Amino acid sequence: MNENVMRAITSYKIAIATKDGKVVSEHFGHSKKFCIVSIDQNAWKVTEVREVEPACTGVGCTYSKDSSNSHLEAIEKVAKVLSDCKFVIVSQIGYGAEQVLMDNRLEVRLHKGFIIDYLNSLITN
């Protein structure tokens with residue numbers, strides 16, 4: 001297979017919810033920033049940090065079809081900021097927010113712990 005075709009297949013971005021850039025520590029709805037990581041074959045590189053308005057501004061925020069449009073719009077706004085990523089890594093996420101991300105073609109993966117450990121396991125598996 002042509003090397004450029006193979007590279008196109010294996011290159012993608014992921015978004016990681018984090019406070020400090022070291023640990024996957026944020027619940028999706030509370031996250032103010034996402035580290036964007038480029039995965040290219042068997043290597044990874046942090047390429048940028050994207051700041052967002054948290055999708056949830058209160059305690060116990062939930063989203064359902066009966067929720068206010070403003071909450072849905074806040075989740076969709078974050079999804080749009082991350083739309084060029086293949087998936088989003090968070091420590092926690094509510095069911096409704098996860099559904100909105102999936103509707104926007106963003107896969108959600110849960111992880112608690114060091115970002116470097118997750119990334120290294122991702123490229124070796």
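Here is a walk through this predicted model, from its sheet to its cores and its charged pairs.

Some ground rules come before the tour. Residues are numbered from 1 along each chain as its sequence is written, and side-chain values use heavy atoms, with hydrogens and water left out. As the model is a prediction, local features need a pLDDT of at least 70 and side-chain atom pairs count only at pLDDT 80 or more, while totals for chains, interfaces and linings use all residues.

Let's start with the sheet. Five strands make up an open sheet, in the order β4-β3-β1-β5-β6, and their pairing is mixed. Two strands count as paired if DSSP finds at least two bridges between them. At the edges sit β4 and β6, each of which pairs on one side only. On average, neighbouring strands are turned by 25° against each other, direction ignored; strand axes are lines fitted to C-alpha atoms, and angles run from 0 to 180 degrees between N-to-C directions.

What holds paired strands together? Strands of a sheet pair through backbone hydrogen bonds, either parallel or antiparallel. For a parallel example, look at β5 and β6, which share four bridges. There you can find F87 standing opposite E107 of β6.

Now for the inside. Buried means under 20% relative accessible area, exposed means over 50%, and partly exposed lies in between (1.4 Å probe, protein chains only). A nonpolar core is then a set of buried Ala, Val, Leu, Ile, Met, Phe, Trp, Tyr and Cys residues joined through side-chain atoms within 4.5 Å. The largest such core has 21 residues, and F28, F34 and L82 have the most contacts inside it. Which elements give two or more residues to this core? They are β1 (11–17), β3, α2 (69–81), β5 (87–90) and α3. The largest share, four residues, comes from α2.

Take a closer look at L82. A contact means heavy atoms within 4.5 Å, and L82 touches A15, F34, I36, R50, V88 and L106, leaving aside residues up to four places away in sequence.

C35 brings us to the cysteines. C35 is buried because its relative accessible area is 8%, and C85 is buried too, at 4%. How many disulfides are there? The count comes to zero, where a disulfide would be a pair of cysteine sulfur atoms within 2.5 Å.

Next come the charged pairs. Side chains of opposite charge can pair when their charged atoms come close. A salt bridge here is a side-chain nitrogen of Lys or Arg within 4 Å of a carboxyl oxygen of Asp or Glu, and a search of the whole structure finds five of them.

One of them joins K19 and E26, with 3.8 Å from N to O. Are these two partners buried or exposed? K19 counts as exposed because its relative accessibility is 58%, whereas E26 counts as buried because its value is 7%. You'll find E26 in the loop between β2 (23–24) and β3 (33–40). Beyond residues up to four places away in sequence, E26 touches A17, T18, K19, S31, K32, V90, S91 and Q92.

Salt bridges that share partners join K13, E48, R50 and D84 into one network. R50 is buried at 12%, while E48 is partly exposed at 32% and D84 is partly exposed at 36%.

Last stop: two backbone angles in loops. Q41, in the loop between β3 and β4 (43–51), has a phi near 55°, which is positive although Q41 is not a glycine. R105, in the loop between α3 (95–103) and β6 (107–110), has a positive phi of about 60° and is not a glycine either. Q41 is partly exposed, at 36%, and R105 is exposed, at 75%.
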